[in-house]
Amino acid sequence: MKTALLVESLTGNTWKAAEMIADKLAQEHWTITGVSKVRQPDLASIQAAELVLVGTWTHGLFVVGQAPWAAATISNLPAMRNKHSAVFMTYALDAGKSLDKLTGAVGATGADVIGGLLIKRNHLEAHTDAFVDRLIAAVADLGETARTP
Ligand SMILES: Cc1cc2nc3c(=O)[nH]c(=O)nc-3n(C[C@H](O)[C@H](O)[C@H](O)COP(=O)(O)O)c2cc1C
């Protein structure tokens, strides 16, 4: 599966998660077309991809008001109507409903969002493993659906 990653990161956790996800997918023989910043998206890598992964981090007051950072920028990414997408978001304590908000922001680009996962910043290894496992299963389901008449 040709996959591009778009990432927003302030202190590096989400970027690190994205690199771990890219490495794990490459080990599964997926083609990573590029890893770039949400604010400077590599358009060629998006164009070449069938699947675009979008990652950002949780911003809020830790118990209320959580939202995906850069949600407006994400919803204004280039149109991705012919792409599948999945989202991930790092957080420290409590992400509230921000994963749903991120799903909505990516959906606004026209992409078909097939899933998403929260990644706790002190569990990057385990949670990126879980994200990759679920992604592989979700993409296999897409293939099944495509083959079902
Ligand atoms: C200003 C600010 C607000 C934050 N608000 C929340 C929050 O409401 N809930 C939470 O779980 N984590 C919150 N965090 C923690 C970040 O989501 C977490 O550290 C994340 O991994 C940062 O990603 P980054 O290193 O890619 O920038 C906040 C961090 C900052 C700097």
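In the predicted model, Val-64 is partly exposed, its relative accessible area being 48%. This value lies in the partly exposed class because that class falls between the buried limit of 20% and the exposed limit of 50%. Val-64 is placed in the loop that links strand E3 (51–59) to strand E4 (67–68).

The accessible surface of the protein chain as a whole amounts to about 7600 Å², of which 53% is supplied by carbon and sulfur atoms.

The secondary structure of the protein chain consists of five helices and six strands. Along the sequence, these elements follow the pattern β-α-β-α-β-β-α-β-α-β-α. The radius of gyration of the protein chain is 14 Å, close to the 15 Å given by the globule rule for 149 residues, and the chain is therefore as compact as a globular protein of that length. Taken along the principal axes, the box filled by the C-alpha atoms of the protein chain is roughly 45 × 30 × 30 Å.

Contacts within the protein chain were also examined according to separation in sequence. Of the contacts with a separation of 6 or more, 77% are accounted for by residues 24 or more positions apart.

Key: Residues numbered from 1 in each chain as written. Predicted model: local features only at pLDDT ≥ 70, side-chain atom pairs only at ≥ 80, totals over all residues. Heavy atoms only, no water. Helix = DSSP H or I, 4+ residues; strand = E, 2+ residues; numbered from the N terminus. Buried < 20%, exposed > 50% of the residue type's maximum accessible area, 1.4 Å probe, protein only. Rg over C-alpha atoms; globule rule 2.2 N^0.38 Å. Contact = heavy atoms within 4.5 Å. Areas by Shrake-Rupley, 256 points an atom, 1.4 Å probe, with all protein chains shown as cover.
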